[in-house]
Amino acid sequence: MFSVIEPEFDELEGQTLVVLGAGDIGRGVLTVGEAFGMHCIGLTSRSSTADLEAALRQADVLSLHAPLTPQTQHLINAQRLSWMKPTARLVNMARGALVQLEDLCAALRSGQLAGAALDVLPVEPPGSELQALLDTPNLLISPHMGWSSRQARSRLVQTMAGHLQAYVSAEAASA
């Protein structure tokens, strides 16, 4: 070897990607996974517990893209993390409260799960609880900023303006 490669990593090809969330983003992630040669399984937040368990037992990567509802809050908890392989990784790009954070940290500390990447946290911006997260091995945290490009902010303003115009028009029509 002419260079140090640490930590070691695996290729995505041949691994199983489970995507929880069937919206545009979730479907897009499945498409990207397929392009990398991954075996892809898509679930919705309304999938049965049996389907969720079967998928999590196969997952090398679990990517969350579901909405936060009373039914999905802490959907990924100690029990469901125990269904995953110790070599699996979790990625949450949706809503922080989909994951029971204390259970995730415990799974990472014990080696029950290989790693996790969080683009969202249950409380944003994080407060004093951030220190416990920083001390958790194999946990990457990034700022939730996919919305912050100039183009995305422009679309957001245009969409809001369209919604306001539609509301004002509907109000005027009903008056």
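Predicted model: local features only at pLDDT ≥ 70, side-chain atom pairs only at ≥ 80, totals over all residues.
Residues are numbered from 1 along each chain as its sequence is written, and side-chain values use heavy atoms, with hydrogens and water left out.

## Two pockets

Rolling a probe the size of a water molecule over the atoms shows where empty space is left. Here a pocket is an open set of points, on a 1 Å grid over the protein atoms alone, where a 1.4 Å probe fits, with protein on both sides within 12 Å along at least five of seven lines; lining residues have an atom within 4 Å of a point. A volume is the space filled by probe spheres set on the points, and grid points are joined across faces, edges and corners.

For the classes, Ala, Val, Leu, Ile, Met, Phe, Trp, Tyr, Cys and Pro count as nonpolar, Asp, Glu, Lys and Arg as charged, and the others, Gly among them, as polar.

| Pocket | Volume | Lining by class |
|---|---|---|
| Second largest pocket | About 390 Å³ | 9 nonpolar, 3 polar and 3 charged residues |

Among the 25 residues lining the largest pocket, Leu 12, Val 61, Arg 89, Val 91 and Ala 117 lie nearest its centre. Two or more lining residues come from each of α1 (24-35), β3 (61-64), β4 (89-92) and β5 (115-118). These labels follow DSSP runs, numbered from the N terminus: helices are H or I runs of at least four residues and strands are E runs of at least two.

The second largest pocket has 15 lining residues, with Ile 25, Met 93, Ala 94, Arg 95 and His 144 nearest its centre. Helix α6 (residues 150-174) gives the largest share of that lining, 3 residues.

A nonpolar core is a set of buried Ala, Val, Leu, Ile, Met, Phe, Trp, Tyr and Cys residues joined through side-chain atoms within 4.5 Å. Buried means under 20% relative accessible area, exposed over 50%, and partly exposed in between (1.4 Å probe, protein chains only). The largest nonpolar core has 32 residues, and Leu 62, Leu 64, Leu 81, Leu 90, Leu 104 and Leu 113 touch the most other members. Its largest share, 5 residues, comes from α4. A second, separate core of 5 residues includes Leu 17, Val 19, Leu 30 and Val 61.

Strand β1 is mostly covered, with 5 of its 5 residues buried. Thr 16, Val 18 and Leu 20 point one way from β1, while Leu 17 and Val 19 point the other way. β1 and β2 run parallel and are joined by 5 bridges; two strands pair if DSSP finds at least two bridges between them.

## Two loop residues

Pro 122 lies in the loop between β5 and α5 (130-134), and Gly 96 is in the loop between β4 and α4. Why is Pro 122 called partly exposed? Because its relative accessible area is 41%. Gly 96 counts as buried because its relative accessible area is 8%. Beyond four places in sequence, Pro 122 touches Gly 96, Ala 97 and Leu 101, where contact means heavy atoms within 4.5 Å.
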